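Here is a short briefing to read with the model open beside you. Take it topic by topic and follow along on screen.

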Amino acid sequence: SYDPVVQFFEEAAHDPDVTHIKIIQYRVGKKSRIMDALMAAVGNGKRVSAFVEVKARFDEEANLGWGEVLSAAGVRVFYSWPGLKVHSKMAVVRKVRNGKPLLLTYFSTGNFNESTAEIYSDIGIFTVDKRLTAEASRIFTLLETKRLPTRDFKHLLVGQFNLRSALEEMIDFEISEAEAGREASIILKLNNLQDEEMINRLYLASSAGVKIKLIVRGICCIIPGARKIGENIEGISIVDRYLEHMRIFVFHAAGEQKMYMSSADWMTRNLSHRIESSVPIYDESIKGVIMDILELQLNDNVKARILNKGFLNTYRTTESDIPVQSQIETYYYFKRLNERYLKEIRLKKKKIK
């Protein structure tokens, strides 16, 4: 359900302790409770700002329309820069708790669109981690003032700043680990993989012995299994009822595992010509959940197709007699997780009584 995201904005709009709400609008549905909540927040005396990307392909008119509606309601609306798209998916809410300001941030791999949320497969994360909320706030300052940050981003990977260079450094580290005879691996889940520089780096990593697993739904310009350069690369594509839309990067990092969720595909336009945000996952329990999702997808033997040099896109089969359709299994995975969570809540309530 997308309701928790919608409720986040609706509750913020009516919370007397909330002072500011900021959001990036890339694609929004014709009807939107989130946009309604932003306008309600202004009526409740909160400062609300929305960055509207007017170059979102096929949604230019709709976004301009929403910009006008929001502006008329008192929302401070900022529009995109010439020649540069803002593709990041995030929002920041500022509230005062016990006399001190607290930033609550929502990061996502998908847009704030209740309609597409019903058919897209994305993930989002709510956090009050100051390492992340502070840098998210700096991105909004950049978008609103168009002044470059005076400090480097240390946690978020941000397009136009450290996104490409940080990814290159993490790939290079895996290469050095493999060359030293140590375990090295990369897992990438993407919509599209097209950037030539990144592809060549992945080929170098494969040649060095780095184990690379790819889940790429759309455009894939790398050749998994290619003789000499791609023999350590495996690739699949999953096309099922829901549009696979989330981007996840996982690096072994000498056993320390670095994981990011991202708005960015590995395309030249995303890595070099857009404002994107890739968010490090620091919470170990959330890391575990995301790895469980990836494992289900990597073991899919119903809807996964093999990406290889034959370009045949044949369905992937395994030795298992048990069919694994990752989207269905993910549903049941979260159902079990939710049931376990509710059980723990009930037990805690009994202990309190």
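Strands (E, at least two residues) and helices (H or I, at least four) are DSSP runs numbered from the N terminus, and two strands count as paired if DSSP finds at least two bridges between them. With that in hand, 8 strands form an open sheet of mixed pairing, in the order β9-β17-β15-β14-β10-β11-β12-β18. This is a predicted model, in which local features need pLDDT of at least 70 and side-chain atom pairs count only at pLDDT 80 or more, while totals for chains, interfaces and linings use all residues. Residues are numbered from 1 along each chain as its sequence is written, and side-chain values use heavy atoms, with hydrogens and water left out.

**The sheet**
- At the edges sit β9 (157–158) and β18 (304–307), each of which pairs on one side only.
- Strand β11 (residues 211–216) runs parallel to strand β12 (residues 233–238), and the two pair over 4 bridges.
- Within this pair, Ile212 stands opposite Ile233 in β12.

**The chain as a whole**
- In total, the chain has 9 helices and 18 strands.
- Its radius of gyration is 21 Å, close to the 20 Å that the globule rule gives for 353 residues, so the chain is as compact as a globular protein of that length. The radius is taken over C-alpha atoms, and the rule is 2.2 Å times the number of residues to the power 0.38.
- Along the principal axes, the C-alpha atoms fill a box of roughly 60 × 60 × 35 Å.
- Of the 353 residues, 50% count as buried, meaning under 20% relative accessible area, with exposed meaning over 50% and partly exposed in between (1.4 Å probe, protein chains only).
- Contact means heavy atoms within 4.5 Å; among contacts between residues at least 6 apart in sequence, 68% join residues at least 24 apart.

- Arg227 lies in the loop between β11 and β12, and at 62% relative accessibility Arg227 counts as exposed.
- From Arg227 to Glu344 the C-alpha distance is 51 Å, with 117 residues separating them in sequence.
- Met39 belongs to helix α2 (residues 33–43).
- Leaving aside residues up to four places away in sequence, Met39 touches Trp66, Val69, Leu70 and Ala73.
- Met39 and Ala73, 34 residues apart in sequence, are 5.8 Å apart from C-alpha to C-alpha.
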